[in-house]
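Open your viewer and get ready to click along. We will go from one stop to the next, and at each one you will hear what to select and what is there.

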Amino acid sequence: VIDINALPLEDIERLGDDRLRIGALVTNADLARHPAVREDYPLLARAILAGASTQVRNMATTAGNIMQRTRCPYFRDVAAACNKRQPGSGCDAIGGINRMHAVLGGSEACVAVHPSDMCVALAAIGTTLTLHGPQGEREIDFADFHRLPGTTPHLEHMLGDDELIVAITLDPPLRPLGTAYLKLRDRASYEFALASAGAMLSLDDGMIGEARLALGGVATRPWRCHEAEALLVGRRADEAAFTQAADAALAEAQPLSHNAFKVVLARQAIVRALRDAREGHP
């Protein structure tokens with residue numbers, strides 16, 4: 001075990017191109033209440049505050065949140081078959097109790113859900129990760145960092161064994177901006193999402209100029225809904241457009257024996273999040 005807490009990775013700084021660079025060791029609590037985040041990236045603040053407890057947010061770091069592993073009970077039960085924990089052993093979740101598992105991005109080898117709220121916001125905003133290793137620094141798009149399970153679910157991300165995440169950089173903020181983060185769960189607090197949606201809308205006289213949409217709780221990685229976004233741009237921000245976007249986002253869903261309700265739940269979350277983003281638009 002290596003303690004990295006003494007590394008100088010706790011700064012938040014505005015870059016010249018209007019992006020925001022966040023050190024890997026900035027805590028979730030500090031990030032959520034930072035003035036630049038609250039003003040320009042309220043979706044990120046809301047997503048962080050929807051996750052875990054105050055005590056956990058005071059300790060959890062930006063990079064740690066990105067690197068957190070699935071809450072799949074079969075992954076955490078050493079007596080169960082899990083390809084993510086032991087490659088080639090099988091996946092007991094597929095034929096087991098899979099109510100909490102993925103309807104998007106799964107494979108015959110793994111259907112475990114990525115658990116983060118913060119990462120849903122990072123996916124919607126657009127984020128670049130800065131990684132540091134023996135060969136120096138390299139950057140990778142957040143959308144490419146978490147791997148789909150495919151036939152190798154034990155390979156979860158693109159971080160090398162000899163690398164560290166040292167910072168993340170958020171894309172320039174949308175302006176004017178309406179945002180919403182909706183998290184649907186079994187209980188009101190201290191619970192992982194059954195389905196969540198993060199939405200960002202830039203409107204001009206009721207017409208959608210830009211749209212960002214990402215889902216949590218339903219996919220094997222933070223799930224950016226590019227098809228739904230493309231459908232929204234240039235449309236009036238009304239219920240018909242929101243419903244069609246939700247249908248597009250879930251078009252490839254493949255529910256399991258116990259989680260078909262997640263498709264309906266995620267569709268409702270998308271429509272509500274888009275509606276709330278519209279109503280919260282300046």
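Select Asp-18 to begin: this residue is partly exposed, because its relative accessible area is 25%. Keep in mind as you look around that this is a predicted model. Asp-18 sits in the loop that runs between β1 (12–14) and β2 (20–23). Its phi is near 80°, which is a positive value in a residue other than glycine. Most residues other than glycine have a negative phi.

Next, go to Asp-205, where phi is again positive in a residue other than glycine, near 55°. Is Asp-205 buried or exposed? With a relative accessible area of 69%, Asp-205 is exposed. You will find Asp-205 in the loop between β7 (195–204) and β8 (207–216).

Now select Arg-175 and Pro-176 together. What kind of peptide bond joins Arg-175 and Pro-176? The bond is cis, with omega at about -10°. Most peptide bonds are trans. As for its place in the chain, Pro-176 belongs to the loop between β5 (164–170) and β6 (178–184).

Time to step back and show the whole chain. Its secondary structure amounts to eleven helices and nine strands. The radius of gyration is 18 Å, close to the 19 Å that the globule rule gives for 282 residues, so the chain is as compact as a globular protein of that length. Along the principal axes, the C-alpha atoms fill a box of roughly 55 × 45 × 35 Å. Of the 282 residues, 52% are buried. Coloring by charge brings up 29 positive and 35 negative charges, whose mean positions are 6 Å apart.

Let's look inside. Select Leu-44, Ile-66, Leu-129, Ile-165 and Leu-170: these touch the most other members of the largest nonpolar core, which has 43 residues. Which helix gives the most to this core? Helix α7 (residues 118–125) does, with eight residues. A second, separate core has 38 residues, including Leu-104, Leu-184, Ala-245 and Val-271.

Stay with Leu-170 for a moment and display its surroundings. Not counting residues up to four places away in sequence, Leu-170 touches several residues, among them Arg-19, Tyr-41, Leu-122 and Gly-126. Contacts across the sequence can be followed in the whole chain too: among contacts between residues at least 6 apart in sequence, 63% join residues at least 24 apart.

Now move to Asn-65 in helix α5 (residues 62–67). Asn-65 counts as buried because its relative accessibility is 11%, and buried means under 20%. Leaving out residues up to four places away in sequence, you can pick out its contacts as Asn-28, Ser-116, Met-118 and Cys-119.

For the last stop, select Ser-107, in the loop between α6 (73–76) and α7. Setting aside neighbours within four places in sequence, Ser-107 is in contact with Ile-94, Pro-149 and Gly-150.

Note on methods:
Residues are numbered from 1 along each chain as its sequence is written. This is a predicted model: local features need pLDDT of at least 70, side-chain atom pairs count only at pLDDT 80 or more; totals for chains, interfaces and linings use all residues. Side-chain values use heavy atoms; hydrogens and water are left out. Helices (H or I, at least four residues) and strands (E, at least two) are DSSP runs, numbered from the N terminus. The radius of gyration is taken over C-alpha atoms; the globule rule is 2.2 Å times the number of residues to the power 0.38. Buried means under 20% relative accessible area, exposed over 50%, partly exposed in between (1.4 Å probe, protein chains only). Contact means heavy atoms within 4.5 Å. Lys and Arg count as positive and Asp and Glu as negative; His and the chain ends are not counted. The place of a charge is taken as NZ of Lys, CZ of Arg, CG of Asp or CD of Glu. A nonpolar core is a set of buried Ala, Val, Leu, Ile, Met, Phe, Trp, Tyr and Cys residues joined through side-chain atoms within 4.5 Å.
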